[in-house]
Amino acid sequence: MSADPATEAARRRTFAIISHPDAGKTTLTESLLLAGGAIHLAGAVAARGQARRTKSDWMKIERERGISVSSSVMMFEHDGMVFNLLDTPGHEDFSEDTYRTLTAADSAIMVLDAAKGIEPQTLKLFEVCRLRDIPITTFINKMDREAQDPFALLDEIHSKLAMDTAPMYWPAASGQRFAGMLDLITDEFVPFRRLEAGEQGFANEERQKRGGNDFLLGVTDDVRAELEETAELARDGLPKFDLQAFREGHLTPVYFGSALRRFGVLELLAGLGAYAPPPRMQKAVVKGAQTEVEPGRNEVSGFVFKIQANMDPKHRDRVGFFRISSGRFQRGMTLKTAAGKGFNVHAPLMFMAQEREIADEAFPGDVIGIPSHGGLRVGDSLSQSGEVVFQGIPNFAPEILKRVRVKDPLKQKHLRKALEALGEEGVTQVFKPVQGGDLVVGAVGALQFDVLDERMKAEYGLEVIFETSPYQAARWISADARADLEAFVDKSQSQMAEDVDGSPVYLGKSAWEIGYVQDKNPKVRFSAVKERAA
Ligand code: G4P
C-alpha cells in the first residue's frame, strides 16, 4: 500500500445510500458488503434492519455501544478500490444526522423500488444532495418483482429531479420473466439466475457477447424481442453517459438489479469505482485566506460531521466522526481545532465493516472515530496546524418546533445544561427566545423528539414535557449592514431567539409569515440553512 495521500485518495470512494424506507437500502448495503468480502456481515445488517422497525428497539440498540457506531461507517475493498459507505439513519423520519452525513459523502447511490419509482423521502434526500452538488448514481432495485416500465421510471426521475438519466444497462423484462440485462456500453448480456435458497454468492453468470453462440441463450423469444426493441429505443432516445455532467450533478447513471437476489450489485460497484468522484477538494479558509484543500496536501485536515455521545451512560464518552480531507493520518497525531484545542488521537477507531478497529493510518475520504470526553463539536475542523477552517457544514432549519419544560421546576437549570449538551451534539436544535422563559427545541423530524425525550430521561434524569409552540418555522438572519440587522432585531423582539452559538434566529408563526416578513425587510437575509464556519 502506498502511503502517498494523493494516490490513496484516488482509489477511495466515500458514499452514502439514499432511499425511501423499504426500497432496499439495508439489503443493498448487505450485498455491497458481501461483494467487499465481508460475508459474515450479511446477517448482522439484516438484523439491524429488523430492529430499526420498532422505535424502542432502535433506541436500545443505539445505546448499546458498538452497533450504531460501527454501522455508521463501513469500509471495504473491492477490485483495488477502497469504499467508505456512510450509513444515513434509515428510520421513517429523518434527522439532521442524515443531512450531516451527506456533507461527508462525495457521492450517493439513490435506491428506487422498481415498482414505486420516486417516493417522498427519496425526493427530500435528493434535494439535500443537490444542495451539496453530490453526484448521484441510481440503482433501480427489485427487478425480480413486477416493475414499472423502465422508460416510465427514467422519465419520472427526469421530470421530478430535473436530471438527465443515462441507463448503463437495460433490463430484460422484470418479475417472473426477469432474464438479466444488456450492458449498453459493451453490448454484452448479463444473465440473471435465481439463487438457490441459502446460496450466498452473486447471481451473475458469465457475460454473453453479441454474436457468440450463447448470446441470450435460454431467454424466451418474447423477452428477447422485447429487450432488443426497448434497448435500441433506450440507446437512441436517452442521454449517453457523460462523466462531467454526472460529476456536476446534471446526469445520473442508472443501474438495474435486485439487491436481495444479489444481481446487478457488482456492476453498480464497478460503476462507482469507475465514475464516482474520489475525495473532493474542500472549501476552506487556511491562515485567513479563502482556498480549496486538495486531498494530496501533506497536512492532515478534515472535519467532524457527527458525534455519538453517551454510548455508555456510565462513562459519558463521545466519539467524533472525523472525515479526512487531506494528508496521511497516522495514529498518535495531534490534531487541533481552529480555536487551538488539541486532540492527541492515540486510539482512533476505524470501521472495517462490523468490527471497530484501531486505525494505524487513514487517508482522505476515510472516516475515523475520535474518542473524546467532550470538547469536539459537529462542524469542527481539525488539522495538524489548527489553521484550516472548512466551510459548508450546515445546520438545517427545523421543521417542527416545540416548547420544552421540565416536570420538576427545581431542575430548570439542569434542563438548560442538558439541552445545550444535546444541542451541541446535534440531537436537537435549541433556541432561547429573547423574551419569555421556556426554551424552544426544534427538530427536522418527529422521531427526534422521542430520541430527545429518551435521552433526557436516561442520561440526565430529567422528565420533560414538550408543548406546542406558537412557532412553526425558524430562520437564521443576517444582513450586510449591521444596522439593518439590529433594526430588524429591535422591532421583532417578541419573535427573536438565539441558537446555541448565540446567532440570531427569527421564529415565525407560519411559513407564510416568514415570507411576508421577508418581503417587508429586503435587507435582511432569512436562511433555512446555517453554515458553520468552524
Ligand atoms: P430499507 O432498508 O430501504 O428500508 O429496505 P430493506 O433493505 O429492509 O428492504 C425492504 C424489503 O424489501 C425487505 O423485505 C427486503 O427483503 C425486500 N427487498 C429488498 N431488495 C429486494 C429485491 O431486490 N427484491 C425483492 N423481491 N425484495 C427486496 P421485508 O419482507 O420487509 O423484510 P425481510 O423480512 O425480508 O427482511
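What follows is a conversation about a predicted model and the terms used to describe it.

Modeller: The model is predicted, so local features need pLDDT of at least 70 and side-chain atom pairs count only at pLDDT 80 or more, while totals for chains, interfaces and linings use all residues. Residues are numbered from 1 along each chain as its sequence is written, and side-chain values use heavy atoms, leaving out hydrogens and water.

Colleague: How many helices and strands does the chain have?

Modeller: There are 15 helices and 34 strands. Helices (H or I, at least four residues) and strands (E, at least two) are DSSP runs, numbered from the N terminus.

Colleague: Why is Ser325 called buried?

Modeller: Buried means under 20% relative accessible area, exposed means over 50%, and partly exposed lies in between, with a 1.4 Å probe and protein chains only. Ser325 has 1% relative accessibility, so Ser325 counts as buried. Over the whole chain of 534 residues, 55% count as buried.

Colleague: Where is Ser325 found, and what does Ser325 touch?

Modeller: Ser325 belongs to strand β15, residues 318–326. Leaving aside residues up to four places away in sequence, Ser325 touches Gln282, Glu294, Pro295, Ser301, Gly302, Phe303, Pro364 and Phe390. Contact means heavy atoms within 4.5 Å. In the chain, among contacts between residues at least 6 apart in sequence, 71% join residues at least 24 apart.

Colleague: Which residues touch the most other members of the largest nonpolar core?

Modeller: A nonpolar core is a set of buried Ala, Val, Leu, Ile, Met, Phe, Trp, Tyr and Cys residues joined through side-chain atoms within 4.5 Å. The largest one has 88 residues, and Phe15, Leu28, Leu32, Ile109, Trp170 and Phe189 touch the most other members.

Colleague: How do you know where this core lies?

Modeller: Domain 1 (16–62 + 107–275) and domain 2 (282–390) both give residues to the core, so the core lies between them. The bounds come from an automatic or database domain assignment.

Colleague: What does Leu28 touch?

Modeller: Beyond residues up to four places away in sequence, Leu28 touches Ile17, Ile109, Val111, Phe139, Ala259, Val265 and Leu268. There is also a second, separate core of 19 residues, including Val82, Met333, Phe343 and Ile370.

Colleague: What makes β8 and β9 a pair?

Modeller: Two strands pair if DSSP finds at least two bridges between them. Strand β8 (residues 180–183) and β9 have three bridges, in the antiparallel sense. One of the bridges has Met181 with Val190 of β9 as its partner. The two strands form a hairpin with four residues between them, and Asp187 in the turn has a positive phi of about 65 degrees.

Colleague: How many bridges are there between β9 and β10?

Modeller: There are two, and the pairing with strand β10 (residues 208–209) is antiparallel. Here the bridge partner of Glu188 is Lys209. From strand β9 (residues 188–191), Glu188 and Val190 point one way and Phe189 and Pro191 the other way, and all are buried.

Colleague: Why are the buried residues of α15 put on the same side?

Modeller: In helix α15 (residues 511–520) the buried residues are Glu513, Ile514 and Val517. They cover an arc of only 100 degrees around the axis, which puts them on the same side of α15. The arc is that of the directions from the helix axis to the C-beta atoms. Ala511, Trp512 and Asp519, on the other side, are exposed. The cover over the buried residues includes β30 (473–479), α14 (482–491), β32 (504–508) and β33 (524–527).

Colleague: What makes β29 and β33 edge strands of their sheet?

Modeller: The sheet is open, with eight strands in the order β29-β26-β28-β27-β31-β32-β30-β33 and antiparallel pairing. At the edges, β29 (464–468) and β33 each have a single partner strand, so one side of each is left without a neighbour in the sheet. Within the sheet, strand β31 (residues 496–498) runs antiparallel to β32, joined by three bridges, and Ala497 stands opposite Val505.

Colleague: Which strands does α14 lie across?

Modeller: Helix α14 lies across β30, β31, β32 and β33, at about 145 degrees to β30. Axes are lines fitted to C-alpha atoms, for helices over the stretch in contact, and angles run from 0 to 180 degrees between N-to-C directions.
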